[in-house]
Amino acid sequence: MGLLRLEAAYREMLPRKEPPKFWLRAVILLHPQRVQDFINCQSSLSAGNFVKKVLHQSRGAKVFLPKSVASVIWDAVRKDAPVHVAIWIYCLISLAITLSLSNESPASLLVYVQQRMGTLFLFMPCLVLAGDMILVVTRYNQKRWLAYRVVFSLRRIGRLLAGMILLLSVSLFFGAFTSIKTLLPTLTHGFLYDRQLADLDRWLHGGVHPWSLLWSIPYARQILPVVQFNYGIVWYAICFGALFFVATSPKADGIRVRYFASYFFTWIFLGNIVAGIWISAGPAFYGFVTQDHACFETLLAALATDTSSISARLFQEYLWSLHESGLAAFGSGISAFPSVHVGLIVMNSLYLWDYSRRLGTIAFAYCALILASSVYLGWHYALDGYVSALVVIVAHQAFKFRWRGLVAQRQQWQGSESVF
């Protein structure tokens, strides 16, 4: 139920003598879930007593009516503290490994911060606010003033700013992740499992490499630019857009910590731990690491026909040049098994499935497209995507089950606290 309909439903339950509008609107705007529960339960409390109870349970009106944006930002940052702490611990571990095994400068951790400053602090906030304004203008008429107050409320702006601070920490995380990923071949003394993965991949698909099946589809060569654009640009926009929404929107308060736990699990467990244990380079680099250039020669020749700026083959050559030089840079690091690209889109699809079965079905169809594209473009063996999807699905269910337990414990603790 939207805020405007929520207010209308709540007002219908009010007696003629309403509580002061200032307090009523504060409760509705800043804590709609309790008003919704009040309506659903058909509480016997009078409207005035309900407002007083909500404010009392929240330990005073200051929770609802902060005096400054700074207090709202601080409260939001404090709630994000577990995520910040996890990021900084990972960054310190990455820094220690990097300094002990290579001559890389610690400044390599800042490579993604420098790249994303404009996106984080200019483009995305303007895009979000513009989208909110368009929604207000197109959907609301007489109650438009209330919708404006929601969009520009202290809670909304404070959460947006706190979310951008959180995303700065996430940018540091990506720098740390890239440093470790770049060092994986050094730690394992090379790419060890490409032959085994390629052979198993072919066995799973009836003795045929799956990339050859995909390239035998009609118009497979003609759709190469479209597949590259989707895999490199659209995928990034979807995944980063979802991350920005969860970090900056009050609507994601209920899932934020669990989402980031899933997010970091996908990157670290799949992209560092499993990738380090079964390290492989992937079809694009198979010839370099096994000296068998014939196995994927036809695929690489087909990819080389496209020389646009989004060409997968050009980026693969860029990554191999960084690998040979041992440098950590934007996007550097080579590992195929398992596929973080597939794992991340599956993780987001699972959260969307929890929200809407219809949207989730569309999202899982897109996951299948991404998995097929990773094989079609020579980045991964099909097995890489299968394993990533399975691990992420199991982890998502485990996180959700554990989260429900924590929420139940917290509600029980709050209930026992209210008795005293």
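I began with His189, which sits in the loop between H9 and helix H10 (194-204). Helices (H or I, at least four residues) and strands (E, at least two) are DSSP runs, numbered from the N terminus. A note on provenance: this is a predicted model, where local features need pLDDT of at least 70 and side-chain atom pairs count only at pLDDT 80 or more, while totals for chains, interfaces and linings use all residues. Residues are numbered from 1 along each chain as its sequence is written, and side-chain values use heavy atoms, with hydrogens and water left out.

His189 is not a glycine, yet its phi is positive, at about 60 degrees. I also checked its accessibility: at 72%, His189 counts as exposed (relative accessible area over 50%; buried is under 20%, partly exposed in between, with a 1.4 Å probe and protein chains only).

I found another positive phi, about 65 degrees, at Gln291, again not a glycine. Gln291 belongs to the loop between helix H14 (286-290) and helix H15 (297-303), and at 59% relative accessibility it counts as exposed.

I then looked at the peptide bonds and noted a cis one joining Phe337 and Pro338, with omega about -10 degrees. Pro338 is in the loop between helix H16 (312-325) and H17. I flagged these spots because most residues other than glycine have a negative phi, and most peptide bonds are trans.

**The end of H9**

Next I looked up Thr188, which is in helix H9 (residues 154-188). Thr188 counts as buried, at 17% relative accessibility. Which backbone oxygens lie by a polar atom of the Thr188 side chain? I found that of Leu184 at 2.9 Å and that of Gly190 at 3.0 Å. Leaving aside neighbours within four places in sequence, Thr188 is in contact (heavy atoms within 4.5 Å) with Gly276 and Ile279.

**H12 against H17**

I moved on to helix H12 (residues 224-248) and helix H17 (residues 340-355), which pack at an angle of about 45 degrees with their axes 10 Å apart. The axes are lines fitted to C-alpha atoms, for helices over the stretch in contact, and angles run from 0 to 180 degrees between N-to-C directions. That angle makes H12 oblique to H17 (under 35 degrees is roughly parallel, over 145 roughly antiparallel, 65 to 115 roughly perpendicular, the rest oblique).

Which residues meet here? From H12 I listed Tyr231, Trp235, Ile238, Cys239 and Ala242, and from H17 His341, Leu344, Ile345 and Asn348.

**Tyr263**

Tyr263 lies in helix H13 (residues 256-277). Is Tyr263 buried or exposed? Buried, with a relative accessible area of 3%. Beyond neighbours within four places in sequence, I found Tyr263 in contact with Phe174, Leu243, Leu344 and Met347. I also checked Tyr263 and Val392: 129 residues apart in sequence, 9.7 Å apart in space, C-alpha to C-alpha.

**Whole protein**

Buried residues make up 46% of its 420 residues. Among contacts between residues at least 6 apart in sequence, 78% join residues at least 24 apart.

Key
A polar contact is a pair of N or O atoms within 3.5 Å; within protein, one must be able to donate a hydrogen and the other to accept it, and residues adjacent in sequence count only if both atoms are side-chain atoms.
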